[in-house]
Amino acid sequence: MSRLSTRLTGAYLKQVNLTRATLIGMDLKRVDLIEVNLNQAIFDEDQIGYLKDKYDLQCARVLINENGEIMNYEEYCNRK
């Protein structure tokens with residue numbers, strides 16, 4: 001899995017391909033992910049809490065904080 005720097009605040013990411021990127025633990029609250037390819041990108045549950053209302057995460061994956069399991073976003077939503 002690819003790993004990005006944890007400092008993305010103010011980054012210009014328009015049309016960036018983050019397919020399969022591991023974004024776990026990164027502060028993405030002030031990062032614009034519109035038009036970013038998030039296919040199979042991995043987020044943690046805390047990030048999902050603030051990203052779900054802003055972006056289409058249907059193709060993303062989620063790290064479950066409690067047990068370290070990674071599942072697709074749809075499965076995660078069905079469990080909640």
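This section describes the fold, surface and core of the chain. The structure is a predicted model, in which local features need pLDDT of at least 70, side-chain atom pairs count only at pLDDT 80 or more, and totals for chains, interfaces and linings use all residues. Residues are numbered from 1 along each chain as its sequence is written, and side-chain values use heavy atoms, without hydrogens and water.

The chain holds two helices and five strands. These are DSSP runs, numbered from the N terminus (helices: H or I, at least four residues; strands: E, at least two). Their order from the N terminus is β-β-β-α-β-β-α. The C-alpha trace spans about 35 × 20 × 20 Å along its principal axes. The radius of gyration, taken over C-alpha atoms, is 12 Å, which agrees with the value near 12 Å for a compact globule of 80 residues. That rule is 2.2 Å times the number of residues to the power 0.38.

Of the 80 residues, 38% are buried, that is, under 20% relative accessible area with a 1.4 Å probe, protein chains only. The accessible surface (Shrake-Rupley, 1.4 Å probe) is about 5,200 Å², and carbon and sulfur atoms contribute 44% of this area.

The largest nonpolar core contains 23 residues. Such a core is a set of buried Ala, Val, Leu, Ile, Met, Phe, Trp, Tyr and Cys residues joined through side-chain atoms within 4.5 Å. Leu23, Leu28, Leu33, Leu38, Phe43 and Leu57 have the most contacts inside it. Helices α1 (45-51) and α2 (73-79) each supply at least two residues of this core. Beyond its neighbours within four places in sequence, Leu33 is in contact (heavy atoms within 4.5 Å) with Leu13, Leu28, Leu38, Leu51 and Tyr55.

Methods:
Buried < 20%, exposed > 50% of the residue type's maximum accessible area, 1.4 Å probe, protein only.
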